[in-house]
There are 2 protein chains.
Amino acid sequence: MILPEPIQDLINALSRLPGIGPKTASRLTFYILHAPDEVAENLANALQAIKSKTAYCPICFNITSSGREQCEICANSERDEKSLCVVEEPLDVLALERTGGFLGRYHVLHGVLSPIEGVGPDDLRIKELLGRVRQGSIKEVIIATNPSMEGDATAMYLRQQLEPLGVRVTRLARGLPVGGDLEYADPNTLLRALSGRQEME
Amino acid sequence: MILPEPIQDLINALSRLPGIGPKTASRLTFYILHAPDEVAENLANALQAIKSKTAYCPICFNITSSGREQCEICANSERDEKSLCVVEEPLDVLALERTGGFLGRYHVLHGVLSPIEGVGPDDLRIKELLGRVRQGSIKEVIIATNPSMEGDATAMYLRQQLEPLGVRVTRLARGLPVGGDLEYADPNTLLRALSGRQEME
């Protein structure tokens, strides 16, 4: 049986999203079909707005509403301008903000160095990062790229570029996740937790 | 940090879908943000079409493109009109069609009897089912509601209503799933497989 075209179209469009296979896509489609009209409408409107009403902050390159000169964090004079946290993606900013533990400013690279995928320093917002640091008010750059191969390589590269500029360069600690179980920790994490062990306060 | 409104809107709209939590919703949102414009456009268009361009077939109540007098299966004179398969939802028709093993016609109930959720016989397309059977050309009604409590209760009710009309009423077989493992089968399934055991061909 061929499904009615509008249904197949929606299944296809949903299947193209990451982590959504054809089964989930058809389950979602039939859910939307049975749900009140506003479910489909709200989603369609939000999708149409997402590209037209957002922009990158010209300072930190985080996502912000379009029409603003800078994002909320860059515009907030209460945020510490001496401390800059470098992340891969806008979602990482969100994750750090949720902790409530960082009151400085951010810089979003929009990716990591990856020779295999052909991503070099010029493809990331590294030039802009160095420019911000050269202005002189930043004292510490916290590199918060992911604890992955590419994230580590990117951190390494950034350190080489940043240290000649006279700023302190730090990296987020690696170790056992809070609430985690030593028994189930992978050997690399455990090794990091060992080598990074700290005096008990 | 408050996310830009268009982003929060899309995260909220996606979170309302079943099986999509806030984390998946924000992952999808940032994916859509980085993806080519057409990803968001195609999805928005498909969502807008889904309600306006589909309708229920007035004979079997399966989903079909709007503007058609009946669905493709009802319109297909090669499908056996003596055999009618009763299912809960349009997706069940799709599942049965994929098997290629049924060449008759369908009837979609749009739900199951559920006293707890207040779903009675009048809330399903049962009256229309009985009307089709009374026309006389149907010889067998295969009840293919889900092998669940409600599906069984609905099947029971339908049998009571259908048998006086002089049709054969059957139900899909229950037993071990093909490729399944006896060791992992739940006791109820195993009991069904035992009691429904068949002579080897």
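Here are some questions and answers about a predicted model with chains A and B.

In this predicted model, local features need pLDDT of at least 70 and side-chain atom pairs count only at pLDDT 80 or more, while totals for chains, interfaces and linings use all residues. Residues are numbered from 1 along each chain as its sequence is written, chains are lettered from A and ligands numbered from 1 in the order in which they are written, and side-chain values use heavy atoms, with hydrogens and water left out.

Me: How many residues of chain A are in contact with chain B?
Reply: Contact means heavy atoms within 4.5 Å. By that rule, chain B takes part with 55 residues, and the number for chain A is 55.

Me: What area do chain A and chain B bury between them?
Reply: The size of an interface is often given as the accessible area lost when the parts come together. Buried area is counted with a 1.4 Å probe and summed over both parts. Here 75% of it lies on carbon and sulfur atoms, and the total is about 4800 Å².

Me: Which residue of chain B forms a salt bridge with Asp37(A)?
Reply: A salt bridge needs a side-chain nitrogen of Lys or Arg within 4 Å of a carboxyl oxygen of Asp or Glu. The rule finds two across this interface. In one of them the closest N and O atoms are 3.5 Å apart, and the partner of Asp37(A) is Lys51(B).

Me: Which residues of strand E3 of chain A point the other way from Ser83(A), Cys85(A) and Val87(A)?
Reply: Helices (H or I, at least four residues) and strands (E, at least two) are DSSP runs, numbered from the N terminus. In a regular strand the side chains alternate between the two faces of the sheet. E3(A) covers residues 83–87, and five of its five residues are buried, meaning under 20% relative accessible area with a 1.4 Å probe, protein chains only (exposed is over 50%, partly exposed in between). Pointing the other way are Leu84(A) and Val86(A).

Me: Which residue in E4(A) stands opposite Cys85(A)?
Reply: Two strands pair if DSSP finds at least two bridges between them. E3(A) and strand E4 (residues 105–108) of chain A have four, in the parallel sense. Opposite Cys85(A) stands Tyr106(A).

Me: Why does Thr29(B) count as buried?
Reply: Thr29(B) sits in helix H2 (residues 22–34) of chain B. Among the residues that Thr29(B) touches are Ile50(A), Ile7(B) and Leu14(B), not counting residues up to four places away in sequence. Thr29(B) counts as buried because its relative accessibility is 0%.

How values were computed: Buried area = accessible area lost by both parts, 1.4 Å probe.
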